[in-house]
Amino acid sequence: MGKWSMRYRAAISRSDSTRRLHDAGCFVIITVNSMQLPDVLPSPCHVLFVGINPGLGSARRGHHFGGPGNPFWRLLHSAAFTPRVLAPEEDVLLAEFGWGLVNLWDRPTRTAAELRRDELEQGRVRLLERVERVRPRVVALVGISLFRAVFPGVRKPGPVAKDVR
């Protein structure tokens, strides 16, 4: 289980910008815009799944691909990466299988189109640094807009040679 789900029972506020976490009668307010999802980086890392940035649902839950209706966990299981469909709160369990999870950029948004060009470029540089450090066997980009952000000069999505940056 993730950090938040183990220690707190989440009581989601009506506002998209805040989340209230309840612990023995004490409320902590965390702004969604400042919430960072922790990277899941196992060693060794066989496959590194990269999302573009957290959606508001993921930020509220504090876990990767946590928005309502997000098919990531179901598809991961369908592709035989996990023995069962994991809940977003179980994102850290991917490390046990050698799978990693990171985002290109940390700022939660309603849609990825809200990211600024400078955020995408900085995220691209940060991602390349993480890939060099972790050295996964495969980097899996989750989403077509992410592919275009990471490989701006490549017109057609698909497998890309290691030397293309």
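Contact means heavy atoms within 4.5 Å. By that rule, and leaving aside its neighbours within four places in sequence, Gly67 is in contact with Gly57 and Ser58. This is a predicted model, in which local features need pLDDT of at least 70, side-chain atom pairs count only at pLDDT 80 or more, and totals for chains, interfaces and linings use all residues. Residues are numbered from 1 along each chain as its sequence is written, and side-chain values use heavy atoms, with hydrogens and water left out.

Helices (H or I, at least four residues) and strands (E, at least two) are DSSP runs, numbered from the N terminus. Buried means under 20% relative accessible area, exposed means over 50%, and partly exposed is in between (1.4 Å probe, protein chains only).

**Strand 4**

- Strand 4 spans residues 47-51, and five of its five residues are buried, so the rest of the structure largely encloses this strand.
- Val47, Phe49 and Gly51 point one way from strand 4.
- Leu48 and Val50 point the other way, and these residues too are buried.

**Partners of strand 4**

- Two strands pair if DSSP finds at least two bridges between them.
- Strand 5 (residues 99-103) pairs with strand 4 in the parallel sense, over five bridges.
- Val50 has Leu141 of strand 6 as its bridge partner.

**The loop between helix 2 and helix 3**

- Gly67 sits in this loop, which runs between helix 2 (56-61) and helix 3 (72-78).
- Gly67 and Gly57 are 10 residues apart in sequence, yet their C-alpha atoms are 4.0 Å apart in space.
- Phe65 lies in the loop between helix 2 and helix 3 as well.
- Phe65 is not a glycine, but its phi is positive, at about 50°.
- Phe65 counts as buried because its relative accessibility is 13%.

**Backbone features in other loops**

- Pro44 is found in the loop between strand 3 (26-31) and strand 4.
- The peptide bond from Ser43 to Pro44 is cis, and its omega is near 0°.
- Ala80 belongs to the loop between helix 3 and helix 4 (94-97).
- Ala80 has a positive phi, near 65°, and is a residue other than glycine.
- Ala80 counts as exposed because its relative accessibility is 66%.
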